[in-house]
Amino acid sequence: MATTTLYDRELHYRDEGSGDDPVVLIHALPLDGSMWEPQLEAFRTRCRLIAPDLAGFGGSQPLPEAEGNLIDRWADDVIGLLGALGIDHATVVGASLGADVALAMTRRARDAVGGLGLAGLRGDIGPEEAGQRLEQAEWVANGGDRQSILERLVDDFAGPKSPHRSEVAQRIHFVATATSTVGWVAALRAMTERPETAADLAKVDVPTIFLVGEDDRLAPPDDVRALAARAPEAGVIEIPRAGHLANLDNPAAFNRALEDLLAGREARRSPGKHSWPATPAVH
C-alpha cells in the first residue's frame with residue numbers, strides 16, 4: 001500500500017506490476033481498493049495496476065465539507081493521482097458507483113482515458129430510492145446502527161449463484177464495517193447525486209465494455225444493455241453466476257472480459273502521448 005498527499009489529504013492506493021499501459025481500478029462503495037485483489041493477482045505480471053482507496057474509504061482521508069458532486073470530486077482525485085504518478089493515459093475500470101467515477105473521468109479529463117470498463121453501472125435511480133438513501137445517510141450520520149443497511153448490501157451485491165458468495169459476503173462485512181461514518185454517509189449521499197448517466201455515455205468515444213452479472217439485482221442485464229446502446233463504442237459482456245460485484249463473484253470470467261477490453265484498447269491506441277490538463281481541479 002502506497003500513500004501520497006493530494007489536495008492536502010492523504011490518499012492510499014495500490015500500485016502493482018509494470019508496463020506502458022496502466023489500468024486504474026475504482027472500487028464500489030462503501031468498499032475500498034482491496035475489492036480488486038483477484039484482478040491485481042491475475043494481471044500484475046502483465047501490466048501496471050493502480051487501485052486507489054477513494055477519499056473517505058480504506059486508508060484515504062475523507063473529502064472536506066464543501067459543495068460539489070461527490071462523484072466528480074472522486075474523479076478529480078483519481079485524475080490528480082495519475083498526474084502525481086506521471087501516468088498520462090490509462091484504461092479505467094470501475095465497479096458500481098466506481099463505474100460512475102470512471103465515466104466522470106472521461107468528461108473531466110478525456111485525454112487521460114484510453115479505455116473504459118463499466119461494471120454494474122446503473123441508470124438513473126427513482127425518487128423513492130433516492131429518498132431511502134438520504135434517510136439512511138441521516139440515520140448513519142446520527143449514530144444509527146448500520147447493520148440493517150449492511151445486510152441489504154450483501155443481498156444486493158453478492159450473486160445468489162456465485163461460487164464465491166460466502167467469501168464475497170465476508171469481504172463486504174469486513175471492509176464495510178471498517179468504513180468510517182463519513183465514508184458511509186458519502187456513499188449513500190452519492191447515490192442520490194449521480195450525474196445524468198445517459199448524457200455522458202453518448203459522448204464516450206473510447207473502447208468501452210459494460211460488464212454485468214447475470215443475477216445483478218441493482219443493474220439488471222437488460223437495463224445495462226439499454227445503457228450500452230447509448231455509447232457509440234460500447235460492447236456488453238454478461239458474467240455468469242455473478243451479481244453486482246461480478247469481479248468477486250466470478251473472477252475468472254470477469255478477468256477474461258477485462259482481457260478483451262485491454263486487447264481492444266491496444267489495437268486502437270493512437271501513437272504518442274496525450275496531453276494532461278495543465279491545471280488539476282482543486283477542492
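## Leu 261 in helix α11

Leu 261 sits in helix α11, residues 251–268. Helices (H or I, at least four residues) and strands (E, at least two) are DSSP runs, numbered from the N terminus. Leu 261 has a relative accessible area of 3%, so it is buried. Buried means under 20% relative accessible area, exposed means over 50%, and partly exposed lies in between (1.4 Å probe, protein chains only).

Which residues does Leu 261 touch, leaving aside neighbours within four places in sequence? They are Thr 91, Val 93, Leu 116, Gly 117, Pro 207, Thr 208 and Ile 209. Contact means heavy atoms within 4.5 Å. Met 35 is 226 residues from Leu 261 along the chain, and their C-alpha atoms are separated by 19 Å.

## About the model

This is a predicted model, in which local features need pLDDT of at least 70 and side-chain atom pairs count only at pLDDT 80 or more, while totals for chains, interfaces and linings use all residues. Residues are numbered from 1 along each chain as its sequence is written, and side-chain values use heavy atoms, with hydrogens and water left out.

## Pro 195 in a loop

Pro 195 is found in the loop between α7 and α8 (197–201). Not counting residues up to four places away in sequence, Pro 195 touches Asn 69, Ile 71, Asp 72, Arg 107, Asp 124 and Asp 200. Pro 195 and Asn 69 are 126 residues apart in sequence. In space they are 8.1 Å apart, C-alpha to C-alpha.

## Helices α5 and α6

Helix α5 spans residues 147–157, and helix α6 spans residues 165–178. They pack at an angle of about 145 degrees, with axes 10 Å apart. Axes are lines fitted to C-alpha atoms, for helices over the stretch in contact, and angles run from 0 to 180 degrees between N-to-C directions.

On the α5 side, the contact includes Leu 150, Leu 153, Val 154 and Phe 157. On the α6 side, Ala 169, Ile 172 and Ala 176 are among them. By class, this contact has seven nonpolar, three polar and three charged residues. Ala, Val, Leu, Ile, Met, Phe, Trp, Tyr, Cys and Pro count as nonpolar, Asp, Glu, Lys and Arg as charged, and the others, Gly among them, as polar.

Ser 96 lies in the loop between β5 (90–95) and α3 (97–108). Is Ser 96 buried or exposed? Ser 96 counts as buried because its relative accessibility is 9%. Leaving aside neighbours within four places in sequence, Ser 96 is in contact with Ala 28, Ala 119, Gly 120, Phe 157 and His 244.

There are three cavities of 30 Å³ or more. On a 1 Å grid over the protein atoms alone, a cavity is a set of points where a 1.4 Å probe fits but cannot get out, and lining residues have an atom within 4 Å of a point. Grid points are joined across faces, edges and corners, and a volume is the space filled by probe spheres set on the points. The largest cavity has a volume of about 150 Å³. Of its 15 lining residues, the closest to the centre are Ser 96, Leu 97, Arg 122, Met 191 and Leu 218. Helix α5 gives the largest share of this lining, three residues. By class, the lining of the largest cavity has seven nonpolar, three polar and five charged residues.

## The second largest cavity

The second largest cavity has a volume of about 60 Å³. Its lining includes Pro 30, Arg 133, Leu 153, Trp 184 and Met 191. The largest share, four residues, comes from α5. This lining divides into six nonpolar, one polar and three charged residues.

Technical notes
1 Å grid on protein atoms, 1.4 Å probe; cavity = no way out; pocket = protein on both sides within 12 Å on 5 of 7 lines; lining within 4 Å.
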